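Please have the sequence and the model at hand.

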Amino acid sequence: MIPIVRGCREMTRLAREWRGAGAALGFVPTMGALHEGHLSLVKAARARCARVVVSIFVNPLQFGPGEDLERYPRDLEGDREKLAAVGCDAIFSASAQEVYPQGFATHVVNERLSARFEGALRPGHFRGVLTVVAKLLHVVQPDVAFFGQKDAQQALVIRRMVADLNMPLEIVVCPTMREPDGLAMSSRKGRGRALALSRALAAAQAEYASGERSAAALLARARRELEETRGLSIDYAALVDPQTLADLERCEPSGLLLVAARVEGTRLIDNALLGPPAG
Ligand code: AMP
């Protein structure tokens with residue numbers, strides 16, 4: 001049975017013990033309801049690090065009023081079994097009171113990268129994400145932490161925080177895991193019409209592959225796919241610089257296509273890099 005650690009101090013003590021014994025420590029923060037996307041991060045951590053900690057915490061601070069905090073799926077025992085199958089040394093699952101004790105008043109904010117997209121549509125979201133990730137990184141003190149490209153803007157703001165605040169660890173961003181039909185795996189269930197998101201990305205990728213470089217044309221192609229889907233409402237679709245998230249005129253050498261939509265009562269996001277990865 002994988003141990004479930006509930007206390008911050010206990011988690012830090014265990015992590016220090018492992019690191020003190022010379023083991024590289026890998027860390028995968030999650031909100032649980034684990035699927036193959038999360039497990040791919042755990043496998044990447046396993047491959048790199050002798051010890052792996054997975055946190056499971058539905059962080060109230062990153063949900064806005066009217067969002068799905070209460071409805072967010074929770075299945076700690078199911079998650080524990082899935083983690084046992086891939087291998088992990090401890091699950092860190094603290095209560096909200098443990099993470100945010102009475103009097104909690106300090107937050108981490110990125111005022112630039114969080115101004116658009118998820119940050120604009122979900123005020124306070126990245127403040128909640130960065131604050132909890134900073135706290136988790138202080139508690140677990142990993143050598144390497146693993147995040148998914150599925151949440152592209154989140155991965156960028158986390159990388160920025162780690163650099164800006166001199167946090168002594170490496171950040172690894174792993175590729176998006178998809179269902180066989182292309183749908184990005186998510187704890188929020190969406191099927192059928194949700195496929196429009198990955199179809200829109202694939203359509204723009206095909207245009208890019210056939211030589212199109214105009215951002216307006218590539219974006220129009222993706223939008224058409226979304227607009228043709230009944231019952232889908234677009235939150236945003238944008239083709240931006242993969243590092244700064246600024247709008248592009250030309251997709252050269254590469255661009256990050258971000259889409260978000262509400263489909264059948266579920267809010268979904270997805271993205272694809274058009275062109276070669278930076279560096
Ligand atoms: P969450 O539980 O949604 O907070 O996600 C925890 C981590 O898993 C984040 O770094 C996500 O980007 C990552 N993740 C979620 N879905 C996927 C996916 N389909 N493929 C790869 N990583 C994912």
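Phe63 and Tyr72 are both buried, where buried means under 20% relative accessible area with a 1.4 Å probe, protein chains only. This is a predicted model, in which local features need pLDDT of at least 70, side-chain atom pairs count only at pLDDT 80 or more, and totals for chains, interfaces and linings use all residues. Residues are numbered from 1 along each chain as its sequence is written, and side-chain values use heavy atoms, leaving out hydrogens and water.

**Aromatic pairs**

- Four aromatic pairs turn up in a search of the whole structure; rings of Phe, Tyr and Trp (its six-membered ring) pair if their centres lie within 6.5 Å, and planes under 30 degrees apart count as stacked, over 60 as edge-to-face and the rest as tilted.
- Phe63 and Tyr72 pair edge-to-face, at 5.8 Å centre to centre with 75° between the planes.
- Phe117 and Tyr236 form a tilted pair, with 5.0 Å between centres and 55° between planes.
- Phe117 counts as buried because its relative accessibility is 7%, and Tyr236 is buried at 10%.
- Phe57, Tyr100 and Phe104 are linked into a cluster by ring pairs.

- Helices (H or I, at least four residues) and strands (E, at least two) are DSSP runs, numbered from the N terminus.
- The buried residues of helix 8 include Leu195, Leu201 and Tyr208.
- Among the elements covering the buried residues of helix 8 are helix 9 (215–227) and strand 7, by contact (heavy atoms within 4.5 Å).
- Just after helix 8, Gly211 has a positive phi of about 110°.

Terms used: Buried means under 20% relative accessible area, exposed over 50%, partly exposed in between (1.4 Å probe, protein chains only).
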